[in-house]
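This report covers the pockets and nonpolar cores of one protein model. The sequence and structure come first.

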Amino acid sequence: MKFSSLVSIFFGGGLFGFGLTWSGMNKPEVVLTFLRFEDYGLMLVLGAATTTTLLVYQLAPRVMGKPLLEKSFGSHFSAEMKPTIIGAAIFGVGWGISGLCPAQAIAGLGMGRWNVLVALAAMVAGSWCHGLYLSRYGD
């Protein structure tokens, strides 16, 4: 991987973590109040992030000839929706139980919230179990 790509990943990750923390999305108690329909502030954060990403993904290829650090814009198409829907449902249940997704947990570590290590360990264990499943049964 090129150094410039690593720098852009580091910058993007730092920007993401800062925004996540600034918005309060890294706190499980804030997320859980959102999921219980008691606080809709995170809907604003989600809406603003989604809108910004949608605009950039739609406009950047039209305005720029190529990305700043790559040869061309990439694309991804998922033909199979069943694994995506099942994975999203499982993720949603885990998110609802713990109040944390991976990004929130990692950002929480940056704030010194060491209790999120339990959630991160469970996420790693879940990913490991999925890897075992794929190695035995395939896609």
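Which element gives the most to the lining of the second largest pocket? That element is α4, with nine residues. The model is predicted, so local features need pLDDT of at least 70 and side-chain atom pairs pLDDT 80 or more, while totals for chains, interfaces and linings use all residues. Residues are numbered from 1 along each chain as its sequence is written, and side-chain values use heavy atoms, without hydrogens and water.

**Pockets**

A pocket is an open set of points on a 1 Å grid over the protein atoms alone, where a 1.4 Å probe fits, with protein on both sides within 12 Å along at least five of seven lines; lining residues have an atom within 4 Å of a point. Volume is the space filled by probe spheres set on the points.

| Pocket | Volume |
|---|---|
| Largest pocket | about 1,300 Å³ |
| Second largest pocket | about 610 Å³ |

The second largest pocket is lined by 21 residues, and Ile-86, Gly-87, Ile-90, Phe-91 and His-130 are the closest to its centre. For the largest pocket the lining has 36 residues, with Gly-12, Phe-16, Thr-53, Val-56 and Tyr-57 nearest the centre.

**Cores**

A nonpolar core is a set of buried Ala, Val, Leu, Ile, Met, Phe, Trp, Tyr and Cys residues joined through side-chain atoms within 4.5 Å, where buried means under 20% relative accessible area with a 1.4 Å probe, protein chains only. Six residues form the largest one: Leu-20, Met-25, Val-31, Phe-34, Leu-42 and Ala-107.

How values were computed:
Buried < 20%, exposed > 50% of the residue type's maximum accessible area, 1.4 Å probe, protein only. Helix = DSSP H or I, 4+ residues; strand = E, 2+ residues; numbered from the N terminus.
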